[in-house]
Amino acid sequence: MRYSLPQPYQDLSHTADLGVTVEGASAEEALSRLVLALGAVLAGSGTLEVAREETLAVPVRGGLAHGAVDLLRELLYRFATERVIPCACEVLRLDAEALEARIGFGRWDPARHADGADVKAVTYHAARLERAGGAWHGQALFDV
Amino acid sequence: MKLVRVSDQIWEIPREGRMKVPGRVYSDGMPAPDDPALQQVANVAHLPGIVRWSLAMPDIHWGYGFPIGGVAAVDAEEGAISPGGVGYDINCGVRVLTTALSAEEIRPRIHDVTAQLYRDIPTGVGASRAIPRLSAGELEAVLSEGARWAVKRGFAASSDDASRCEEGGRLAGADPAEVSERAHARGADQVGTLGSGNHFLEVDRVAEVYDPEAAEIFGLHPGSVAIQIHSGSRGLGYQVCDEALAELTPSMGRYGEDYARLPDPQLACAPIGSDAGRRYLGAMQAAANFAWANRQVMTGLAVRALCHALRLSEGDLRARLLYDVCHNIAKFEEHEVDGRRRRLLVHRKGATRAFGPGDPRVPEAYRAVGQPVLIPGDMGRYSYVLAGTARAMQETFGSSCHGAGRLLSRHAALRLARGRSIGAELKARGIEVIARARKTLGEEMSEAYKDVARVVAVMAAAGISRMVARLEPMGVIKG
């Protein structure tokens, strides 16, 4: 299933940095919402339209949370170098070995996205993508 | 967390379990025992090869693996190098320029000056092209030469700026070949850009002098204008750290039990002499050189902006670099430990080198009084210039605090700022602030930060650094 911005997420209170938590009925939904939470953080209150699509694949080393962070790192690199922000996500594969997602990117606009965060890095700290209490939970902390 | 009082300013975390050394926390009063940063101090004490103490400065707060405000020295041959002990913003640091201007004469023009600086120095998300995008060869030269690269190209207050930088503005062990293509891609058009968040460029006045002799030597005259620049290695440095953490975090077990059993995976590290350790060291030092070049280019741009706004020649402006310090770095240094000279790798993450009088590594002009130690505060209050001491050399591997440290999260700060115009509040107090992002002023307001005066007071009371002067902002640009 393909998810697009906006998707629900919660801010994690953290003194120095930014964190997001998401929930989903499935691992794929939680991961998609984590991807789009990063997009929302980068875009601020500005809107986005899909300008290009790309399928990204990362190995899942050290667990699903680690794999989720590695996907987010790829997305942040594209933001840093191409000035594109993830605004749509469809998880194509998510298992113990690999993660593959089709990402729709929108173009960053300095005026429209002026209140977006300047994220330096996606950290592995407190990263989650796991099932608990009947739902899937995703969490990531960004260094800003 | 068990804390044992050593003095009014020093608390010790006793060595226990697999800690190799005790923790030692410099603090304004007793630290809160449940502060998670203290657990990080204890965790750092497990690092292979760590010497004497896991140190924490009074601006300590929680970080990744290492607390921000943490200092750890490890044996240069047998110890571990930890990217978390440096931070994502490799060689984030600060420099201060002195000028011949008086605050009184430029105050009526402060808006013009600040606006010109804002126009000439790219800030904020996407900031780029302060200078034309660097070719691969040019970027390699930046990574090798550091501040000197920029001075050679005319970005300077004076031709000897590099000699007034920590390490001469360049780490000789840099290996540009270890900086990835991705790091190159992130950094190639960012030399000379300020960044965002707590990065800033300020036009300050020298508000008070505490040590007239040192202030005279540093060129800080009461009522004179100084420029502060706080920035780091931008996307290039972030990418270097990011890649190192990705490589080291899952692989520590291969280096033996000491590494496998580190209490926090965020303390990802490797033996200094390992392939991974050497790769990170080479790349980190190259990124450090990028940061020095970055601050040096902004120095040149700031000098030009001031001259343009005030219609002065550079000769009239007489801008001079006082000093440039790193806040996030790991460097090989020699220190005396238990009566003998040892070569150590000193990690300073949110901490500043503070070498004392007589040390040959301090520029000759300052050697009699000690190394300038530059401590930025928040944009609404003050910053400090201190001097390093002999006691710092004995007790903290020549290290001091680095700044104020955040009190509030960005969201909490924005909630507090709701309905207020922080810019107007500052302007009413005579501080002109221009920021690229609307929410920066809320996120960075004074209430979001600890009072840096209290932080430096601890260092002074402990004899680690000596107060020289206080700077107060008149004009500020931020991302």
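Helices here are DSSP runs of H or I with at least four residues, strands are runs of E with at least two, and both are numbered from the N terminus. With that in hand, hello everyone, and let's start with one residue: Gln394(B) sits in helix 12 (residues 390-395) of chain B. Its C-alpha atom is separated by 8.1 Å from that of Val337(B), which is 57 residues apart from it along the chain. If we leave aside neighbours within four places in sequence, Gln394(B) is in contact with Arg52(B) and Trp53(B), where contact means heavy atoms within 4.5 Å.

A word on the ground rules. This is a predicted model, in which local features need pLDDT of at least 70 and side-chain atom pairs count only at pLDDT 80 or more, while totals for chains, interfaces and linings use all residues. Residues are numbered from 1 along each chain as its sequence is written, chains are lettered from A and ligands numbered from 1 in the order in which they are written, and side-chain values use heavy atoms, with hydrogens and water left out.

Now, the two chains together. How many residues does the contact take from chain A and from chain B? It takes 34 from chain A and 31 from chain B. Between them the chains bury about 2,800 Å², with 55% of it on carbon and sulfur atoms; buried area is the accessible area (1.4 Å probe) that two parts lose on being put together, summed over both. Thr15(A), Tyr77(A) and Lys120(A) supply 22% of the area that chain A buries against chain B, more than any other three residues.

On to charges. A salt bridge here is a side-chain nitrogen of Lys or Arg within 4 Å of a carboxyl oxygen of Asp or Glu. The structure holds 53 of these over all chains, and three are counted between chain A and chain B. Glu74(A) forms a salt bridge with Arg182(B), with the closest N and O atoms 2.8 Å apart. Arg438(B) and Asp115(A) also meet in a salt bridge, at 3.7 Å from N to O. That pair crosses between chains, from the loop between strand 18 (432-435) and helix 15 (440-443) of chain B, where Arg438(B) is, to the loop between strand 6 (98-107) and strand 7 (121-132) of chain A, where Asp115(A) is.

Next, helix packing. Axes are lines fitted to C-alpha atoms, for helices over the stretch in contact, and angles run from 0 to 180 degrees between N-to-C directions. Angles under 35 degrees count as roughly parallel, over 145 as roughly antiparallel, 65 to 115 as roughly perpendicular, and the rest as oblique.

In chain A, the axes of helix 1 (residues 27-43) and helix 2 (residues 64-82) come within 11 Å and cross at roughly 30°. That makes helix 1 of chain A roughly parallel to helix 2 of chain A. Which residues make the contact? Helix 1 of chain A brings Leu31(A), Leu34(A), Val35(A), Leu38(A) and Leu42(A), and helix 2 of chain A brings Ala68(A), Leu71(A), Leu72(A), Leu75(A), Leu76(A) and Phe79(A). By class, this contact of helix 1 with helix 2 of chain A has 11 nonpolar, no polar and no charged residues. For the classes, Ala, Val, Leu, Ile, Met, Phe, Trp, Tyr, Cys and Pro count as nonpolar, Asp, Glu, Lys and Arg as charged, and the others, Gly among them, as polar.

Over in chain B, helix 8 (residues 234-248) and helix 10 (residues 275-310) pack at an angle of about 165°, their axes 9 Å apart. Helix 8 of chain B and helix 10 of chain B are therefore roughly antiparallel. Among the residues in that contact are Val240(B) and Ala244(B) of helix 8 and Tyr280(B) and Phe290(B) of helix 10. This contact of helix 8 with helix 10 of chain B has 10 nonpolar, two polar and three charged residues.

Helix 3 (residues 110-120) of chain B meets helix 10 of chain B too: their axes come within 9 Å and cross at roughly 140°. That makes helix 3 of chain B oblique to helix 10 of chain B.

Last, two backbone details. Most residues other than glycine have a negative phi, and most peptide bonds are trans. Leu5(A) and Pro6(A) are joined by a cis peptide bond, with omega about -5°, and Pro6(A) lies in the loop between strand 1 (2-4) and strand 2 (10-12) of chain A. Asn91(B) has a positive phi, near 55°.
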